[in-house]
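Please look at the structure below with its charged side chains in mind. The paragraphs that follow take up their pairings and then turn to a loop.

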Amino acid sequence: MLENSKAFSGFAAPDIAKENKFYSQTLGLKTSEDQGMLRLHLTGGNNVLIYPKPNHVPATFTVLNFPVDDVDRAVDELTTRGVRFEHYNQGALKTDEKGIMRGNGPTIAWFKDPAGNILSVLKPD
């Protein structure tokens, strides 16, 4: 029944205008707004829906991953655009001074959107 459905994911944010500015201007993604919701138009024809939720509480896990060829370069470029990367030092979850985890799964760096949703740039193995 659903094998031919073009599924998409979504997550919430309290301020769609602020999210649109972050995703379109800071991250450089193509976006559109319709009926108060924000749609991210990702490479490959995939879309992500960001819908308004005034009492939004961010998830404690990554909601959107961006595969990149070079995590260091992506972190450097996004940092110049004002993105702040998360730093972790919890058991096996350790990041370096740039906020990049290396050698424990894929090389990955996490950051948050204005609503506190966790995103990442990663180099898949």
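A salt bridge is taken here as a side-chain nitrogen of Lys or Arg within 4 Å of a carboxyl oxygen of Asp or Glu. The model is a predicted one, in which local features need pLDDT of at least 70 and side-chain atom pairs count only at pLDDT 80 or more, while totals for chains, interfaces and linings use all residues. Residues are numbered from 1 along each chain as its sequence is written, and side-chain values use heavy atoms, with hydrogens and water left out.

By the salt-bridge rule, the count comes to seven. One of these joins R102 to D72, with N and O 2.8 Å apart. This pair links distant parts of the chain, since D72 belongs to helix α2 (residues 71-80) and R102 to the loop between β8 (100-101) and β9 (107-112), a separation of 30 residues; helices (H or I, at least four residues) and strands (E, at least two) are DSSP runs, numbered from the N terminus. How accessible are R102 and D72? R102 is partly exposed at 41% relative accessibility, and D72 is partly exposed as well, with a relative accessible area of 24%. In these terms, buried means under 20% relative accessible area, exposed means over 50%, and partly exposed lies in between (1.4 Å probe, protein chains only). R102 and D72 also belong to a network of salt bridges that links them with D76, D96 and K98.

In general, side chains of opposite charge can pair when their charged atoms come close. A further salt bridge is formed by D70 and R73, whose closest N and O atoms are 3.9 Å apart. In that pair D70 is partly exposed, its relative accessible area being 30%, whereas R73 counts as exposed at 54%. R81 and E77 form another, with 2.8 Å between the closest N and O atoms; R81 is partly exposed at 38% relative accessibility, and E77 is partly exposed with a relative accessible area of 41%.

R81 leads on to a glycine. Leaving aside residues up to four places away in sequence, G28 touches Y23 and R81, where contact means heavy atoms within 4.5 Å.
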